[in-house]
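This briefing sets out the architecture of a single protein chain, topic by topic. Please keep the sequence and the model at hand while reading.

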Amino acid sequence: MNVSSATNPSGVLIRGGTVIDVDGERVADVRIDQYGKMAAVGNLAPLVNETVHDAVGCFVIPGGIDAHTHLHLPVGSVRVSDDFDTGTRAAAIGGTTTVIDYTTAYRGEDPMAALRTWKSWAEPSVIDYGLHMTFTEAVSERTVAECVEGGVTSIKLYMAYPELLQVDDDTIRKILRHSQKHGALVTLHAENGGAIEQLRRDALAAGRTGVFEHANTRPALLEAEATDRAARMAEDTGAPVYIVHLSSAPALASVRAAQERGVNILVETCPQYLHLDVSALQASGGENFVCTPPLRDPWHHEELWHGLSQGWIHTVATDHCPFWMHDRTAGIGGNERFKDFTDIPGGLPGIETRLALIYDGVRAGHITRADWVRLCAEAPAKIFGMWPDKGHLGVGAHGDVVVWDPTMVQSLDAEALHMRVDHSPYQGRQSVGWPKLVFSRGRLVARNGEFVGEPAAGKFIERCRPLLV
Ligand SMILES: [Zn+2]
């Protein structure tokens, strides 16, 4: 039978799976209507002409939301290898039906012009997408309000990378206040940029130029310091903050201390900080594991899993930022070979493997299935203003649904995946558990590891005021 993915004139019925969402875990059928919205969950008989899919033995969960991606992005003389077409196809295959990508307004640039640029880049998306805004200098209250009016309800600020991206505490504080007033959430890259710059200069001056110095010069304590400072500014202003890509136990301790004081501090981590460690930087090809914050010692993993299970860390996103190996080797400066560790473009591929790598934590007993769904779909929907349209399977929500087969074995080698990149951080590993079917607003977009959707079918999501979870 040729199941059309383009339209579902009479809707979709997904039968017999174990449904997991905010309403708990139960065996039930799930109906998506012809408009791509959730119509019913329960014991449902097929309607005439309805497309019926069997989900017996599978988990039926809300489509994943990856709240931290970098697609199409130019970095120095190179560019990330996935664009919004290839990246979102891979996302869909892995069970993610919405991404939120980071727009950057560089110094001197009109933020609204940057937003138009990113929107034009994002048009080929095959799944729904939102955009965050990154300011790299002080902006007016009006600019923050314009972002919110345009459906961009999260603002990113960097506490690191003084040359290009970092803003000072004065600017952070002002933008926290503007954001609070206009209903935006400030997300922070929390590392002490000034101290790290000094460590980097010292390393280079001492002739320590190897890949491992990337990690050596960005210690966890300087992530913890910035996290604590961010929390204190949240406490002082009363505005919530969201820490992106938290990577270490000391930073988590800063978070815990703030949460116990009653501070609204929301936290994201990424699969690489749960599965990979700094030894990868010492091996040959170590440049392919450069990301920021850097990979840590393996003992941090357990602390972060614990933080996920306890609700201290709220979301898992990918910070997907892939580069071809030859671009890694060439470096940002565009030479034959990167001149030192500061010249390597940083970031890892991951948009396709997020649900699988967090489900691995379910299999290992670190977190529950309910945690998995909350971290990968429900919490990002709430925190980034897409609730109740997305992040659950209740009536009226978008028909973004993943039928997860817990027995399907999927290699995590680069050749077996669909991200446009020639290496995988998880080469040699496999996932037990993978999406059997993925629906975006009721349209089948992926089946058994193959993309079956349509080009450019994704919609820009005008996001609302964030909800604290
Ligand atoms: Zn990032």
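In the hairpin of strand 2 and strand 3, which residue takes a positive phi? That residue is Gly36, with a phi near 85 degrees, in a hairpin that has five residues between its strands. The model is a predicted one. The chain is assigned two domains: domain 1 covers 12-61 + 390-419 + 430-451, and domain 2 covers 63-375.

**Domains and their contact**

- The C-alpha centres of domain 1 and domain 2 are 29 Å apart.
- Contact between the domains involves 27 residues of domain 1 and 28 residues of domain 2.
- On the side of domain 1 that touches domain 2, two or more residues come from each of strand 1 (12-21), strand 5 (59-62), strand 16 (401-411), strand 17 (430-440) and strand 18 (443-447).
- Strand 17 supplies the largest share of that side, namely seven residues.
- By residue class, the side of domain 1 that touches domain 2 has 16 nonpolar, seven polar and four charged residues.

- Strand 1 and strand 2 (residues 24-32) are antiparallel and share eight bridges.
- Two residues form the link of the hairpin from strand 1 to strand 2.
- Ile14 has Val30 of strand 2 as its bridge partner.
- Strand 2 also pairs with strand 3 (residues 38-42), again in the antiparallel sense, over four bridges.
- Val30 in turn has Val41 of strand 3 as a bridge partner.

- Strand 5 is joined to strand 16 by four bridges, and the two run antiparallel.
- Within this pairing, Pro62 is bridged to Val401 of strand 16.
- Strand 16 pairs with strand 17 as well, in the antiparallel sense and over eight bridges.
- The bridge partner of Trp404 in strand 17 is Pro435.

**The parallel sheet and the helices on it**

- Eight strands form an open sheet with parallel pairing, in the order 6-9-10-11-12-13-14-15.
- Strand 6 (64-69) and strand 15 (315-316) are the edge strands, each pairing on one side only.
- Strand 9 (residues 96-105) runs parallel to strand 10, and eight bridges join them.
- One of the bridged residues is Tyr102, whose partner in strand 10 is His132.
- Helix 2 (residues 111-122) lies across strand 9 and strand 10, at about 145 degrees to strand 9.
- Helix 7 (residues 220-237) also packs on the sheet, where it touches strand 12 (185-189), strand 13 (241-243) and strand 14 (265-269).
- The direction of helix 7 makes about 165 degrees with that of strand 13.

- Which residues of helix 3 (residues 141-149) are buried? They are Val144, Cys147 and Val148.
- These residues lie on the same side of helix 3 because they cover an arc of only 100 degrees around the axis.
- An α-helix has 3.6 residues a turn, so residues three or four places apart point the same way.
- The face turned away from the buried side of helix 3 carries Arg142 and Glu149, which are exposed.
- The cover over the buried residues of helix 3 includes strand 10 (128-135), strand 11 (154-158) and helix 4 (169-182).
- Just after helix 3, Gly151 takes a positive phi of about 85 degrees.

- His182 is found in helix 4.
- Leaving aside neighbours within four places in sequence, His182 is in contact with Val144, Ala145 and Val148.
- Two of these contacts of His182, Val144 and Val148, are among the buried residues of helix 3.
- His182 and Arg142 are 40 residues apart along the chain, and their C-alpha atoms are separated by 9.4 Å.
- Thr171 lies in helix 4, and counts as partly exposed because it has 16 C-beta neighbours inside 10 Å.
- Thr171 and His68 are 103 residues apart in sequence, and 22 Å apart in space from C-alpha to C-alpha.

Technical notes: Residues numbered from 1 in each chain as written. Predicted model: local features only at pLDDT ≥ 70, side-chain atom pairs only at ≥ 80, totals over all residues. Buried ≥ 20, exposed ≤ 12 C-beta atoms within 10 Å, placed from the backbone. Arc of directions from axis to C-beta. Contact = placed C-beta atoms within 7 Å. Domains from an automatic or database assignment. Nonpolar A, V, L, I, M, F, W, Y, C, P; charged D, E, K, R; others polar. Pairing = 2+ DSSP bridges. Axes fitted to C-alpha atoms, helices over the stretch in contact; angles between N-to-C directions.
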